[in-house]
Amino acid sequence: MTSVGSPTVVHTRAPGKINVFLAVGDLQDDGYHELATAYQAVSLYEDVRAHAANDFTVRFTSSQAGIDLSGVPTDDSNLAIKAARLLAETTGYDGGVSLSIDKNVPVAGGMGGGSADAAATLLACDILWNTGLSRDELLRLGAKLGADVPFALMGGTAVGTGRGDELSPALAQGTFQWVLALADYGLSTPEVYSELDQHRLRHQGEITTVRQPRVDSGVLQALRAGDPARLADVMYNDLQAPALHLEPGLGEVLELGEQNGALAGVVSGSGPTVAFLAPDLDGALELQIALSAARLDVVRATGPVHGARLIAD
Ligand code: C5P
């Protein structure tokens, strides 16, 4: 299937993300909620190596402590396989791909690891198969695969509306220092959204919200200024309360971080990863040591970083 001039293996890399702000609006008829979110891509990466093959396969490795690969499917339900198949169908490519993915983003952790796999796979297969789609076409395909896939392609800092997939880049300055507390279990994104709906039903008598979700202007100002203390004051996630309801232990993790020098902590996306914002690199290192001493699995990351890109080996 390999044509003259095509590479036999393509290596791409896509980042995980933190939602530094996430407001959830109404449940739509398509089962998705309207969102307003500010994404930051962070330096935990999924590395995809795509080899020419006749069928579609994926295998995973990880060099990152605290990453549990046991729950990751490798059949057709895997998002990377779905991404490769979607690209083949869309472009009429009649071969397959063998994917090897080195995972560094927590599994089912609310940091968009599966979405990063899909984004890096779209880019890798586009190059491997010489299908030559534009960035916009890849973004459109990404949105069909999942709400966070377009952002994993784009990277940097962006505001997401709609399902979270309608992106506009946001200005950001400097580098933010994060310490991430990983859980040894995952949370199901649909379950966390459904818990939020149930909560609204219990407390408001209906699921619908009164307001259109919007990203707080203070968040955009703090990102633009590169000011972690200001960002810490305005970080927010509507999915935090339902994630805490499903996993009450996350409350202690949040407290522990804030007692040990974090400017603020927030559940990342639908959780259970908790993202702590540190004042600077020294603060992040101290926090990492303190949380490790409390027997939490922690990793450090910085943001913003680039979106999906080709790696020259
Ligand atoms: O798009 P993705 O596969 O990441 O979404 C997983 C699930 O999360 C959806 O099926 C839906 O239940 C929920 N979701 C939502 N509203 C969004 C994004 C995700 O309700 N904007």
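**Loops, sheet and helices of the predicted model**

Pro272 sits in the loop between β9 and β10. In this predicted model, the peptide bond that links Gly271 to Pro272 is cis, with an omega of about 5 degrees. Pro304 belongs to the loop between β11 and β12, the latter strand covering residues 309–310.

Ala108 is not a glycine, yet its phi is positive, at about 50 degrees. Ala108 is found in the loop that runs between β4 (96–102) and α2 (113–128). This residue counts as buried because 20 C-beta neighbours lie inside 10 Å, the cut-off for burial being 20 or more. Asn130, likewise a residue other than glycine, has a positive phi near 55 degrees. Its place is in the loop between α2 and α3 (135–145). With 13 other C-beta atoms within 10 Å, Asn130 is partly exposed. Gly226, which follows α6, has a positive phi as well, near 65 degrees.

Four strands form an open sheet in the order β9-β10-β7-β11, and their pairing is antiparallel. β9 (264–267) and β11 (297–303) are the edge strands; each has a single partner, so one side of each has no neighbour in the sheet. On average, neighbouring strands here are turned by 25 degrees against each other, direction ignored. Strand β7 (residues 176–182) and β11 run antiparallel and are joined by 7 bridges. Within this pair of strands, Gln177 stands opposite Thr302 of β11. Helix α10 (residues 281–293) lies across β7, β10 (274–278) and β11, and it runs at about 10 degrees to β7.

Val219, Ala222 and Leu223 are its buried residues. Viewed down the axis of α6, the buried residues fall within an arc of 100 degrees, so they line one face of the helix.

Zooming out, the protein contains 10 helices and 12 strands. The C-alpha trace spans about 60 × 45 × 35 Å along the principal axes. Of the 313 residues, 49% are buried. Among contacts between residues at least 6 apart in sequence, 76% connect residues at least 24 apart.

An unreviewed entry places "GHMP kinase N-terminal" at residues 78–156. That span is 58% helix and 9% strand, with its end C-alpha atoms 25 Å apart. The feature "GHMP kinase C-terminal", also from an unreviewed UniProt entry, is placed at residues 220–289. There the chain is 56% helix and 16% strand, and the end C-alpha atoms lie 30 Å apart.

Terms used. Residues are numbered from 1 along each chain as its sequence is written. This is a predicted model: local features need pLDDT of at least 70, side-chain atom pairs count only at pLDDT 80 or more; totals for chains, interfaces and linings use all residues. UniProt positions are given in the numbering used here, feature names are shortened, and annotations may be inferred rather than shown by experiment. Helices (H or I, at least four residues) and strands (E, at least two) are DSSP runs, numbered from the N terminus. A residue is buried if 20 or more other C-beta atoms lie within 10 Å of its own, exposed if 12 or fewer, and partly exposed in between; C-beta atoms are placed from the backbone. Two residues are in contact if their C-beta atoms, placed from the backbone, lie within 7 Å. The arc is that of the directions from the helix axis to the C-beta atoms. Two strands pair if DSSP finds at least two bridges between them. Axes are lines fitted to C-alpha atoms, for helices over the stretch in contact, and angles run from 0 to 180 degrees between N-to-C directions.
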